[in-house]
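Let's read this structure together, one feature at a time. Have a look at it first.

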Amino acid sequence: MDKRTMVAVAAILSTLNETGSSPASILYIGLGMDHSFYVKVQVILASAGLVTVSDSHLVEITEKGRALAVQID
C-alpha cells in the first residue's frame with residue numbers, strides 16, 4: 001500500500017469515527033473525485049472489516065474500524 005492510500009484510509013477512518021457513517025459520495029469528493037482511487041480505498045477498508053457499505057452506498061464504520069481509528073487519532 002502506498003503512502004497516498006494509507007493517508008486516505010486513515011482520513012476516512014478518522015472521519016467515520018466522528019460521524020459514524022457517511023454517504024460514499026462525500027468520501028469520494030473528499031478524496032479528490034478520483035473514482036478508481038476511491039474504489040481502491042473502499043475495497044481495502046471493507047475487505048479488512050473496517051467499514052460496511054450498504055446497497056444505498058452508505059459507508060459505516062465497524063467496531064474494528066473504531067478501534068483502529070482511536071489508535072490513529
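Q: How many strands form the sheet, and in what order?

A: Strands here are DSSP runs of E with at least two residues, and helices are H or I runs of at least four, numbered from the N terminus. Two strands pair if DSSP finds at least two bridges between them. In this case, 3 strands make an open sheet with antiparallel pairing, in the order β1-β3-β2. β1 (21–23) and β2 (51–53) are at the edges with a single partner strand each, so one side of each has no neighbour in the sheet. Neighbouring strands are turned by 20° against each other on average, direction ignored; the axes behind such angles are lines fitted to C-alpha atoms, and angles run from 0 to 180 degrees between N-to-C directions.

Q: What should I know about the model itself?

A: This is a predicted model, where local features need pLDDT of at least 70 and side-chain atom pairs count only at pLDDT 80 or more, while totals for chains, interfaces and linings use all residues. Residues are numbered from 1 along each chain as its sequence is written, and side-chain values use heavy atoms, leaving out hydrogens and water.

Q: How many bridges join β2 to β3?

A: There are 3 bridges between β2 and β3 (residues 58–61), which run antiparallel. Val51 stands opposite Ile61 in β3.

Q: Is Met33 buried or exposed?

A: Buried means under 20% relative accessible area, exposed over 50%, and partly exposed in between (1.4 Å probe, protein chains only). Met33 has 52% relative accessibility, so it counts as exposed. Met33 sits in the loop between α2 (24–30) and α3 (35–47), and has a positive phi of about 60° although it is not a glycine.
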